[in-house]
Amino acid sequence: MLELTSSVYKFGSFAKEKPNPKQTMAEISSASPKPLATDPNRPWRDKKVKDIVINSRRLVEVPYTASLAHTMNALVANTVVAVPVAAPPGQWIGAGGSMIMESDKQTGTIRKHYIGMVTMLDILAHIAGDDRVNGGGSGDGSSDLVQKMAVPVSNIIGHCLEGLSLWTLNPNTSILDCMEVLSKGIHRALVPLDSHMENLSGVELVESASSYRMLTQMDVLKFLKEHNSGTAAILSRSVEELGAINRNVYAITDRTRVIEAIKCMRAALLNAVPIVESGALEEEDHSQLVIGRGRKLIGTFSATDLRRCHVSEQRPWLSATALEFTESISPSPLYSASSEGVPPRELVTCRDDTPLAEVMDKAVNKHVHRVWVVDHQGSLAGLVSLTDMIRVLRAALLSA
């Protein structure tokens, strides 16, 4: 609503001085803001979301009737960690009340309704829903896991916070505004290729388009890395100087079992946890998260790790330790690649004084969503997530 005062008018959170009718044009010109052409962030205002997704691959999705096993196969085959779920129109309420439709480009007829997003963490939360898969029920529990993976994917939408809302991002949104959205907890959004809401910018819950693409934090980070003109000075600063390090890091120990790790991740809404050495205290509870800072970092357990393990092979691993699992299963993307095919022990890490550019390179090249911060002794000191990288880079651009 427009609010008028004697000297200031406001719209939303923006305010500026009300023009004085007695001022000359020269006075007004000298008092006006600098022309937009001198804005150092002009390139990031001119570049749009559509510039990022224009060459991206077709959207990977699953029907609402797909089983969790089928959904996990889709995640594996396409090397993604989340997929939208499609259903016939008019039969579902979308996650968060969203009404994101795919329509025929010629006739405008609605063909499908995207009712939510399912991530690997949703699937893990479902697996860890009770103790039957942990051998607590009858038999060896293997049939219970198979039964869990046979349920329709529509049954688990919204098990985790990220799946409670499904967003679209207007293709005409500037990269700078897109960075603001992705720095506030939204990890991915659908982008319509032929949006009917050309004048809007930002995330929306209502959209109808003939096709969509997925935009993720990783996509934006890759784009910023490739188009780094004007950001060299910012990227050369350390992650500590930029305030990108999150010091509050929860971890599991080398004695935490896979099923316990999954339950901890579900409860804390974490997609990955560091594995640290057990403490000296005998009474330490290895089934719960521990304060990771100051402990020796020895591994990572991620929601994507089970994606590499066939459903029929998952049951025996649930009672093993997470460390044993990550050392024995095919290498996680959180580890450096090995030319000999042997799971390496090197973790993707950085130091407090590591430049942001180097941390971004590690995240993009290793395709990880967080980089662990360690001290000179290899003890955990914090983490830098994709959200943190985008947040501090945007803040530094705006303050330049």
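Predicted model: local features only at pLDDT ≥ 70, side-chain atom pairs only at ≥ 80, totals over all residues.
Select helix 8 and the elements around it: the cover over its buried residues includes helix 2 (42-46), helix 3 (49-53), helix 7, strand 12, helix 13 and helix 14. Helix 8 spans residues 217-226.

**Zoom out**

Colour by secondary structure. The protein chain has 14 helices and 19 strands. Now colour by burial. Of its 400 residues, 47% count as buried.

**The largest core**

Select Met179, Leu215, Leu356 and Met389. These residues have the most contacts inside the largest nonpolar core, which numbers 45 residues. Which helix gives the most to this core? Helix 14 (residues 386-399) does, with seven residues. In soluble globular proteins, nonpolar side chains tend to be buried together.

Centre on Leu215. Leaving aside residues up to four places away in sequence, Leu215 touches Val49, Ile52, Val53, Leu169, Cys178, His187, Arg188, Ala189, Val191 and Val220.

**Step to Arg188**

From Leu215, move to its neighbour Arg188. Arg188 sits in strand 9 (residues 188-192). Buried or exposed? Its relative accessibility is 13%, so Arg188 counts as buried. Show what surrounds Arg188: beyond residues up to four places away in sequence, it touches Val81, Ala82, Met117, Thr119, Glu162, Met214, Leu215 and Thr216.

**Helix 13 against helix 14**

Helix 13 (residues 356-366) packs against helix 14 at an angle of about 145 degrees, and their axes are 11 Å apart. The crossing is left-handed. On helix 13, pick Leu356, Val359, Met360 and Ala363. On helix 14, pick Leu386, Met389, Val392 and Leu393. These residues make the contact. By class, eight are nonpolar, none polar and none charged.

Asp177 belongs to helix 7 (residues 175-182). With 32% relative accessibility, Asp177 counts as partly exposed.

**Helix 4 against helix 5**

Now show helix 4 with helix 5 (residues 120-127). The two pack at an angle of about 145 degrees, with axes 11 Å apart. Helix 4 passes helix 5 in a left-handed crossing. Helix 4 contributes Leu68, Thr71, Met72 and Leu75; helix 5 contributes Met120, Ile123 and His126. This contact divides into five nonpolar, two polar and no charged residues.

**Aromatic pairs**

The whole structure holds three aromatic pairs. Two stops follow.

Select Tyr64 and Trp92. Their rings are edge-to-face, 5.4 Å centre to centre, with 65 degrees between the planes. Tyr64 lies in the loop between strand 4 (62-63) and helix 4 (68-78), and Trp92 in the loop between strand 5 (82-87) and strand 6 (99-103), so the pair ties together parts 28 residues apart in sequence. Tyr64 is partly exposed at 24% relative accessibility. Trp92 is partly exposed at 31%.

Next, select Tyr114 and Tyr212. This pair is edge-to-face too, at 5.7 Å centre to centre and 85 degrees between the planes. Tyr114 lies in strand 7 (residues 110-119) and Tyr212 in strand 12 (residues 212-216), so the pair ties together parts 98 residues apart in sequence. Both Tyr114 and Tyr212 are buried.

**Two backbone stops**

Most residues other than glycine have a negative phi.

Go to Leu269. Its phi is positive, about 55 degrees, and it is not a glycine. Leu269 is in the loop between helix 10 (258-268) and strand 14 (272-276). At 39% relative accessibility, Leu269 counts as partly exposed.

Finish at His367. Its phi is also positive, near 55 degrees. Where does His367 lie? In the loop between helix 13 and strand 18 (370-374). His367 is partly exposed, with a relative accessible area of 37%.

Note on methods
Residues numbered from 1 in each chain as written. Heavy atoms only, no water. Core = buried A, V, L, I, M, F, W, Y, C linked by side-chain atoms within 4.5 Å. Buried < 20%, exposed > 50% of the residue type's maximum accessible area, 1.4 Å probe, protein only. Helix = DSSP H or I, 4+ residues; strand = E, 2+ residues; numbered from the N terminus. Contact = heavy atoms within 4.5 Å. Axes fitted to C-alpha atoms, helices over the stretch in contact; angles between N-to-C directions. Left-handed = near helix turned anticlockwise from the far one by under 90°. Nonpolar A, V, L, I, M, F, W, Y, C, P; charged D, E, K, R; others polar. Phe/Tyr/Trp six-rings, centres within 6.5 Å; stacked < 30°, edge-to-face > 60°.
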